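Hi,

Here's the structure I promised to pass on.

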Amino acid sequence: MFEPDSHERNLLARVSLDHCVKCTICETQCPVAAVTPLFPGPKAIGPQAERFRAGKSVDRSIDYCSSCGTCTLVCPQGVLVAEMNSAARAAMKARAMPLRDQLISRTVLMGRLLTPLAPLANAGLRWRWTRVVMEKVLGIHRDAAMPTARRRTFSGWWKRHRAPAKGAWRGQVVFFSGCAGNYFEVETSVAAVEVLERLGFEVIVPDQGCCGLALQSNGLYDAARGCVRKLASALSAAGGGVPIVSTAGSCAGMVKHEAREILGVEDEVLAEVGARTREFSEFLLEVGDLPELGRIEKRVAYHAPCQVRGQGMGSPAVTLLRMIPGLEVVESTAACCGMAGTYGVKKEKHAIAMAVGESVFSLVRDVNPELGVCDTETCRWHIAKATGAQMVHPAVLLREALSCVT
């Protein structure tokens, strides 16, 4: 049960509800409220409704919040609207957690189950009747993007990987792949490691588990806290004081700030790990002094996911990609593609996710219907499903540009 003296209530006490001046900026910028009447908007369901929630009354419309974080990002008064709404949604779900939300939150379990059966699992997920049954039984929409299972995990690749002979090493980095980067986006993780090594870094890849973000997004706060603490310990032990680099933009955000701001994990190890964690493009720009890059004569659309925007680091991927000669990058201005982690796979929310993402889909189709760029895995799957384009992480194009140089 959600108690008034829990961390979530303490968080709200630190940011007074009276800081909200009802300017409605968050309402006008909310991507979900713009496409559906089912969600009355972040101000209405956040600061205004919070006063009524003192009596534990929770309006179920809050479940339509996608947790994109745009409301917090644009609030001129610094009100933590998204965090407030996340806490209220967790309170509601503590009373009735759907089986579907329990299952889709266990990303490591999903990866372990699908990897040994990759060809069969992929064929099954492409079969229409399988998806119809999944929709009717579990509530996973029949047209929602699903991950592609791989026969080889990134950790399996890493065990057989041999780093290039040491030259003038710049130093060590710890690579944080995230669950999807280990089980489903293996080539993205491989590309990132190869780029880091090409740039002169010795890469350390520790055994690592889930960051707990999917659990948090679905209201499973206790399980999420356990996951992120365990992950922080593993990353901390891998290389004391060295940078932690991740191609999983949303997972990096979980370690850097969400575990503290939403889950209330006040942990010295997590704080130390969060301070050292950098998203891949962010890290490379901080390092600077990139070598000569080969030409890539392409025009691509780039979308910055909401959970990368929420880290307040600007658009490092755009800056990095524009360093590649011949590559024209058209940046999306959309706040969210609609997927928002697991939001877009749910039967009752898939249509909303598609409507939210339409401006991103249109941009990809107009700029280059065959190739687009995005930093996070589930967003890439969602955009690729809607457009038919191949969606890649910036690391993939950077590896290509480095490979062009002899």
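Searching the whole structure, which is a predicted model, turns up six aromatic pairs; rings of Phe, Tyr and Trp (its six-membered ring) pair if their centres lie within 6.5 Å, with planes under 30 degrees apart counted as stacked, over 60 as edge-to-face and the rest as tilted. Phenylalanine 154 and tryptophan 157 are a stacked pair, because their ring centres are 5.7 Å apart and their planes meet at 20 degrees. Both residues belong to helix α10 (residues 154–160), three residues apart, about one turn of the helix. (Helices are DSSP runs of H or I, at least four residues, and strands are runs of E, at least two, numbered from the N terminus.)

Phenylalanine 154 is buried at 1% relative accessible area, and tryptophan 157 is buried too, at 11%; buried means under 20%, exposed over 50% and partly exposed in between, with a 1.4 Å probe and protein chains only. Tryptophan 157 also pairs with tryptophan 158: the centres are 6.4 Å apart and the planes at 45 degrees, so this pair is tilted. Ring pairs join Phe154, Trp157, Trp158 and Phe175 into a cluster.

Now the open spaces. The largest pocket has a volume of about 940 Å³. A pocket is an open set of points on a 1 Å grid over the protein atoms alone, with protein on both sides within 12 Å along at least five of seven lines; a cavity is a set where a 1.4 Å probe fits but cannot get out, and lining residues have an atom within 4 Å of a point. Volume here is the space filled by probe spheres set on the points, which are joined across faces, edges and corners.

Of the 42 residues lining the largest pocket, Ile104, Thr107, Met110, Pro147 and Phe184 are the closest to its centre. Helix α7 gives the largest share of that lining, five residues.

The second largest pocket holds about 730 Å³. Its lining has 32 residues, with Met146, Thr148, Arg150, Trp381 and Ala384 nearest the centre.

Some housekeeping: residues are numbered from 1 along each chain as its sequence is written, and side-chain values use heavy atoms, without hydrogens and water. Local features need pLDDT of at least 70 and side-chain atom pairs count only at pLDDT 80 or more, while totals for chains, interfaces and linings use all residues.

Cheers
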